[in-house]
Amino acid sequence: MNRKEMMIAVEAWKPQIKPVILDGIGEAHVREITRQDLDSYQMLMADEKRDRANFSSAFAVRVLCDENGNRLFSDQEEGLLYGLGSNVVETLWEEGRKLSGLDLESQELAEKNSDAAQSDYSNSD
């Protein structure tokens, strides 16, 4: 892929979107987290002054979206999710992590694939 093709592909990229049912709310959508949103989340979690009690809400606010993948809330509106039931935030947390490849199963699969690729590369010598 040349530079021009890559630029077109990058501009056309859209996150994966999945409908989820939230207890007491109904249908909502979660999306794959973007690199920018993941970086801001990780910086937030690295802040030693930050109260980490609501880390799942901080992630959930970054993956909750409309059916087109547009975020519903800004980072600063994270507090709006604090009053939700833990099962609702847990659903957003789990589904967002799965879509983003951040859950344990996805990480283990990526590690296996990486090990296999390295093995194939070293065997080709």
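Modeller: Start with helix H4, which lies across E1, E2 and E3 and runs at about 160° to E1. Bear in mind that this is a predicted model.

Biologist: In what order do the three strands form the open sheet?

Modeller: The pairing in this open sheet is antiparallel. E1 and E3 each have a single partner strand, so they stand at the edges and one side of each is left without a neighbour in the sheet. The order is E1-E2-E3.

Biologist: How many bridges pair E1 with E2?

Modeller: E1 covers residues 17-22 and E2 covers residues 26-31. The two run antiparallel. Within this pairing, Val20 stands opposite Ala28. The bridges number six.

Biologist: Which residue in the hairpin of E1 and E2 takes a positive phi?

Modeller: Three residues lie between the two strands of this hairpin. The phi in question is near 80°. The residue is Gly24.

Biologist: Which residue of E3 stands opposite Val30?

Modeller: E3 is made of residues 64-65. Two bridges join E2 to E3, and these strands run antiparallel. Opposite Val30 stands Leu64.

Biologist: Now the lysine in E1, Lys18. Which residue of E2 stands opposite Lys18?

Modeller: Lys18 is found in strand E1. Its contacts beyond four places in sequence include Ala28 and His29. The residue opposite Lys18 in E2 is Val30.

Biologist: Is Lys18 buried, partly exposed or exposed?

Modeller: The relative accessibility of Lys18 is 33%. Buried would need under 20%, and exposed would need over 50%. Lys18 therefore counts as partly exposed.

Biologist: With which side chain does the side chain of Lys18 make a polar contact?

Modeller: Leaving aside neighbours within four places in sequence, Lys18 is in contact with residues including Glu95 and Leu99. The polar contact is at 2.6 Å. The partner is the side chain of Glu95.

Biologist: What distance separates the C-alpha atoms of Lys18 and Arg31?

Modeller: Along the chain, Lys18 and Arg31 are 13 residues apart. Their C-alpha atoms are separated by 6.3 Å.

Biologist: On to the rings. How are the rings of Phe55 and Trp93 arranged?

Modeller: The count of aromatic pairs comes to three. In the pair of Phe55 and Trp93, the ring centres are 5.3 Å apart. The planes stand at 85°, so the arrangement is edge-to-face.

Biologist: How many residues apart in sequence are the parts tied together by Phe55 and Trp93?

Modeller: Phe55 lies in helix H3, residues 55-63. Trp93 lies in helix H4, residues 86-100. The pair therefore ties together parts whose separation in sequence is 38 residues.

Biologist: At what angle do the planes of Phe59 and Trp93 stand?

Modeller: The ring centres of Phe59 and Trp93 are 5.3 Å apart. The pair is edge-to-face because its planes stand at 75°.

Biologist: How many residues apart in sequence are the parts that Phe59 and Trp93 tie together?

Modeller: Phe59 lies in helix H3 and Trp93 in helix H4. Phe59 is buried, and so is Trp93. The pair ties together parts separated in sequence by 34 residues.

Biologist: Last, the whole chain. What pattern does the protein follow along the sequence?

Modeller: The protein has five helices and three strands. Buried residues make up 30% of its 125 residues. Read along the sequence, the pattern is α-β-β-α-α-β-α-α.

Conventions:
Residues are numbered from 1 along each chain as its sequence is written. This is a predicted model: local features need pLDDT of at least 70, side-chain atom pairs count only at pLDDT 80 or more; totals for chains, interfaces and linings use all residues. Side-chain values use heavy atoms; hydrogens and water are left out. Two strands pair if DSSP finds at least two bridges between them. Helices (H or I, at least four residues) and strands (E, at least two) are DSSP runs, numbered from the N terminus. Buried means under 20% relative accessible area, exposed over 50%, partly exposed in between (1.4 Å probe, protein chains only). Contact means heavy atoms within 4.5 Å. A polar contact is a pair of N or O atoms within 3.5 Å; within protein, one must be able to donate a hydrogen and the other to accept it, and residues adjacent in sequence count only if both atoms are side-chain atoms. Rings of Phe, Tyr and Trp (its six-membered ring) pair if their centres lie within 6.5 Å; planes under 30 degrees apart count as stacked, over 60 as edge-to-face and the rest as tilted. Axes are lines fitted to C-alpha atoms, for helices over the stretch in contact, and angles run from 0 to 180 degrees between N-to-C directions.
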